[in-house]
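Dear colleague,

Please find below the structure that I am handing over to you.

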Amino acid sequence: MEKLSKQEEEAMLAVWQCGIGFIKDFLDVLEEPKPPYTTLASTIKNLERKGFIKSEKMGNSFRYAPAILEEDYKKKFMNGFVSDYFENSYKNLVTFFANEKKISANELKEIIKLIENPKS
């Protein structure tokens, strides 16, 4: 699974948010500044070609739906990110954010609780 561009990710977020819909539906949920309709349509077609979206012909237009779950994309992306930038070590990732003061001690404690008690 390849990494999506910022434009493609924004389009996919709209698709995941809508679930199933038409280009106009996805355009409606995008934040300002919204891309032109034709730009979004082109991006959606690219995502379909890449296997992220599936389509169904309905009259003169197409209805689209995600072909992959948002959670699956996040897992794949994060695993690749950690592998590429942090030597496949989540400890190195957390250490980086702690050193950059992007994560607090309280947040780290919450993370530890989640690790120790994953179902709570």
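**Overall form and pockets**

Of the 120 residues in the protein chain, 22% are buried. Please note that this is a predicted model.

The protein chain holds six helices and two strands, and from the N terminus on the order of these elements is α-α-α-β-β-α-α-α. With a radius of gyration of 18 Å, well over the 14 Å that the globule rule gives for 120 residues, the protein chain is more spread out than a compact globule. Its C-alpha trace spans about 55 × 30 × 25 Å along the principal axes.

Among contacts between residues at least 6 apart in sequence, 44% join residues at least 24 apart. The accessible surface amounts to about 8800 Å², and carbon and sulfur atoms account for 54% of that area.

By class, the lining of the largest pocket comprises eight nonpolar, four polar and four charged residues.

The second largest pocket holds about 160 Å³ of space. It is lined by 10 residues, of which Lys3, Lys76, Phe77, Gly80 and Phe81 are the closest to its centre. Five residues of this lining are nonpolar, one is polar and four are charged.

Yours sincerely

Notes. Residues are numbered from 1 along each chain as its sequence is written. This is a predicted model: local features need pLDDT of at least 70, side-chain atom pairs count only at pLDDT 80 or more; totals for chains, interfaces and linings use all residues. Side-chain values use heavy atoms; hydrogens and water are left out. Ala, Val, Leu, Ile, Met, Phe, Trp, Tyr, Cys and Pro count as nonpolar, Asp, Glu, Lys and Arg as charged, and the others, Gly among them, as polar. On a 1 Å grid over the protein atoms alone, a cavity is a set of points where a 1.4 Å probe fits but cannot get out, and a pocket is an open set with protein on both sides within 12 Å along at least five of seven lines; lining residues have an atom within 4 Å of a point. Grid points are joined across faces, edges and corners, and a volume is the space filled by probe spheres set on the points. Helices (H or I, at least four residues) and strands (E, at least two) are DSSP runs, numbered from the N terminus. The radius of gyration is taken over C-alpha atoms; the globule rule is 2.2 Å times the number of residues to the power 0.38. Buried means under 20% relative accessible area, exposed over 50%, partly exposed in between (1.4 Å probe, protein chains only). Contact means heavy atoms within 4.5 Å. Accessible areas come from the Shrake-Rupley method with a 1.4 Å probe; for residues, only the protein chains shown count as cover.
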